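Have a look at the model before reading on.

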Amino acid sequence: MPTLILVRHGRSTANTSGVLAGRTPGVALDERGAAQAAALPGRLAELPISEVVTSPLQRCQETIRPLLEARPDLRAHTEERISECDYGDWSGRKLAELMDEPLMQVVQAHPSAAAFPGGESMRAMQTRAAEAVREWNARVEAEHGADAVYLMCSHGDIIKSLVADALGLHLDLFQRVSVDPCSITAIRYTRLRPFLVRLGDTGDFASLAPREEPPGEDAAVGGGAGAP
């Protein structure tokens with residue numbers, strides 16, 4: 001079965017302003033995110049990518065544009081099921097103020113029980129994304145062979161949930177996974193089990209250095225902004 005390259009979109013204006021964007025329209029890459037996207041073709045230059053699948057949201061479309069321009073033979077497909085989690089009434093709100101919501105504790109510690117007001121549950125988010133991957137695995141293998149490599153550009157919580165699915169982890173453990181903007185995660189699927197072969201690889205180790213203000217113990221809902 002194919003190898004899936006998962007790319008989180010580059011850093012967005014919502015990431016840097018501390019807003020939970022969700023599916024809010026018009027959220028674009030910021031200057032650093034655009035530079036991250038521009039570097040993506042070089043990072044992936046040695047991979048024979050057969051198909052590109054992307055979330056419909058603007059920040060993902062902008063992230064893969066340089067790759068598509070560098071490889072005009074690539075086909076790009078929009079896939080609604082790998083769109084950002086529908087955070088409902090939380091969309092567009094500051095993450096700092098959401099930390100005071102009682103639901104945030106559930107999102108952090110028991111996400112399989114979390115459902116966003118006016119939006120979707122995190123269980124539904126993982127289910128739709130995993131179903132999309134399995135269907136695309138079959139489609140890519142049928143068209144390009146069992147050794148094919150294809151790419152999906154999606155969002156932090158989606159990618160984290162797919163990593164948990166691949167590792168056989170309960171969704172309640174997915175907040176232990178971290179994927180920075182424009183990071184690359186690779187999962188090699190086989191008939192019996194998937195193999196996680198890369199996780200959140202940015203090629204930049206600066207984010208591992210101690211910071212003046214250490215990160216908190218909670219996971220960043222939506223994925224976070226990455227290294228400062």
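The points below go from the sheet to the helices.

1. Keep in mind that this is a predicted model, where local features need pLDDT of at least 70, side-chain atom pairs count only at pLDDT 80 or more, and totals for chains, interfaces and linings use all residues. Residues are numbered from 1 along each chain as its sequence is written, and side-chain values use heavy atoms, leaving out hydrogens and water.

2. Start with the sheet: 6 strands make an open one, ordered β3-β2-β4-β1-β5-β6, with mixed pairing. At the edges sit β3 (76-78) and β6 (195-201), each pairing on one side only. Strands here are DSSP runs of E, at least two residues, and helices are runs of H or I, at least four, numbered from the N terminus; two strands pair if DSSP finds at least two bridges between them.

3. Zoom in on β2 (residues 49-54): 3 bridges join this strand to β3, and the two run parallel. Threonine 54 has threonine 78 in β3 as its bridge partner.

4. Now the helices. α3 (residues 58-70) lies across β1 (3-8), β2, β3 and β4 (149-154), at about 160 degrees to β2. Axes are lines fitted to C-alpha atoms, for helices over the stretch in contact, and angles run from 0 to 180 degrees between N-to-C directions.

5. Finally, α2 (residues 31-43) packs with α3 at about 40 degrees, their axes 8 Å apart.

Technical notes:
Contact means heavy atoms within 4.5 Å.
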